[in-house]
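My notes follow the display.

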Amino acid sequence: MGACYSDLLQVKTWMTPSPFCVLEGETIRETVEKLEKLRVDCLPMIDRNSRFIGMITSRKLLRGFLYGMKEDELASSILLQDSVRVRPTDSILDVYSLPFDHLPVIDDNGRLVGVLTRRDILDGFSKYIHQLEQTQNSAEALEAILESAYEGIAVVDENGILQEFNEAYCRFIGIKREDAIGRHVTEVIENTQLHVTVKTGIPARGVLQTIHGEDMVVHRIPIWRDDRVVGAIGMLIFEGVTEVYKIYEKLLENNQKKHSEKEPFSVKQERDSLVTLDQIIGTSEEILHVKRMARKAARTAATVLITGESGTGKEMFAKSIHNLSPFSRGPFISVNCGAIPDNLFESELFGYDDGAFTGAKKGGKPGKFELANNGTLFLDEIGDLPLIMQTKLLRVLQEKEVERLGGVKKFPINVRIIGATNRDLKEMVGKGQFREDLYYRLNIIQLILPPLRERKKDIPDLIAYYMKDICRRYQMPAKRLTQEAVTAFIDYPWRGNIRELVNSIERLVTLVDGPVIDLKHLSISLKNAAEEKLNQQIPRNSTTTLIEEAKLEGNKKELEMILKALKNAGGNKSKAAEILGIHRTTLYQKLKKHEIQ
Ligand SMILES: Nc1ncnc2c1ncn2[C@@H]1O[C@H](COP(=O)(O)OP(=O)(O)OP(=O)(O)O)[C@@H](O)[C@H]1O
């Protein structure tokens, strides 16, 4: 292996550092709650010195419940003690063929320093293959990876023609490699969707596919080059799943029998409040880099500055850092500095004591700093903070104490600050609009979020995620975008970034009645933007996004048509829906949107 790859291939580059753990002494119930809350299938267990003891898997838990294990028993009783472990300096090429989804990473002192997942390894491989492509011997190296793989691996080109088919897959299908390569994937693999992945660019992880009468788990990953899908990789996972499903079904059966009893481990949770990096969609190198930085930031107490255009996910990153950090036990308090009138800043941030000023609430009021104690204070639009407040903020950061307005004593505070802005703070420093010393204090770790147009590769993933999410939220049957519509989305400049994309999907999902959203349903502006790009014209520069314009225009037209239909139907909503050619529930949603009773 060339020395230049050593860092790129090391486990520590790709692992998730400081992972969530089960602590020795925690019960089965606490463990199940953690697995549920974190939405994972497996967690490492450590002792009080952070030394790794073993892995807890949901499969082991299920089996435990089957055999009558109680929820207040110690989780260590079902520990997988002999679980395989890897070192931070191991190469991902060596650990790849280990047949486990979560590998604990242990340092020389036996301490758990991270967890390496299959997905981390795949991320590492894609980067490695990308590097190899620049060199001569890429074909041999690729072959070595494919042949040492434990899973079945198939690679197709943009036409769905098999380019690679490894030994493991050949054995499972019962075909010779030379008979498979060069054929269309549908002729070789039963029920495959790899040729569809190439068309849509939408990855699928952990989906079931029936091959030879068996339900197999597969991953399908598109391969991108310069904003275009040029192929796809299919992975067939052999181990474990059927057994887990059998146990799960059995458990369901048992639970149905004792339906009158209390749920054994119903868990109260606030899923929405637990934003983690896993919910930040995207596999582009740009977003993966920011996620790695964010993970590192979460491990420290340092202030973080997040910069990026509006709608790029600054708040989402801030919440993720909070939730992954030791401050997650405390609150996450968000302050939009752009929305507070100058004269209220001080009382908002630092609070006030009884009688501090005329009109002050009796008994006083705590400020955001106090409220965020032991947690995270997110100062959004920090570039809008007036200079006088910048000075006060700097003092709090230095002294780690706050004093309420009109107060007599100072409170010590332990708060992590995350600032965010879409303005160029460095430039503001140059113009004397932002204090240089504060800028350097805030900027200890900087996360620069790329605009969506610079990571178009993530657009199909985002579409897939939000289509599903929005349909579920509106309790509608699943809908999908045609390939042409997805392409138009990829070509669109998205000046409002992910927020604009989410709003567009929401509008399409609610406006289009059928299950398929086609190019014709996209707003005229969105289509024009795609055509504009095709014609290689320079995109216009405007503060209102095209989608926003289309939305305003479309909304006005829509309202006019609804009012006309209601008038013609004499106020009868079912009839109006019929006139408009839409379903009654769709009309109700639109009436709500336009605030018509
Ligand atoms: N990578 C991502 N994956 C999934 N959803 C995302 C991602 N980034 C942003 N979003 C979604 O986009 C929307 C905007 O995100 P967010 O509010 O975090 O952006 P922001 O940069 O803080 O915007 P602003 O500067 O305007 O406040 C939210 O609905 C968020 O859930």
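These entries record what I looked up, beginning with the conventions.

I am working with a predicted model, in which local features need pLDDT of at least 70, side-chain atom pairs count only at pLDDT 80 or more, and totals for chains, interfaces and linings use all residues. Residues are numbered from 1 along each chain as its sequence is written.

Ligand shell. I looked up the 16 residues around the ligand and found that Ile-281, Ser-310, Gly-313, Lys-314 and Glu-315 come nearest, where near means a C-beta atom, placed from the backbone, within 6 Å. I note that the ligand lies between domain 3 (277-450) and domain 4 (453-593), because both give residues to its shell; the domain bounds come from an automatic or database domain assignment.

Sheet. I traced an open, mixed sheet of three strands in the order β2-β3-β4, counting strands as paired if DSSP finds at least two bridges between them. Its edge strands, β2 (22-23) and β4 (52-57), each pair on one side only. Strand β3 (residues 42-46) runs antiparallel to β4 over five bridges, and Leu-43 stands opposite Ile-56 in β4.

Contacts. I checked Ile-321 and, leaving out residues up to four places away in sequence, found that it touches Ala-294, Ala-297, Ala-298, Val-304 and Ile-418, contact meaning C-beta atoms, placed from the backbone, within 7 Å.

Terms used:
Helices (H or I, at least four residues) and strands (E, at least two) are DSSP runs, numbered from the N terminus. Two residues are in contact if their C-beta atoms, placed from the backbone, lie within 7 Å.
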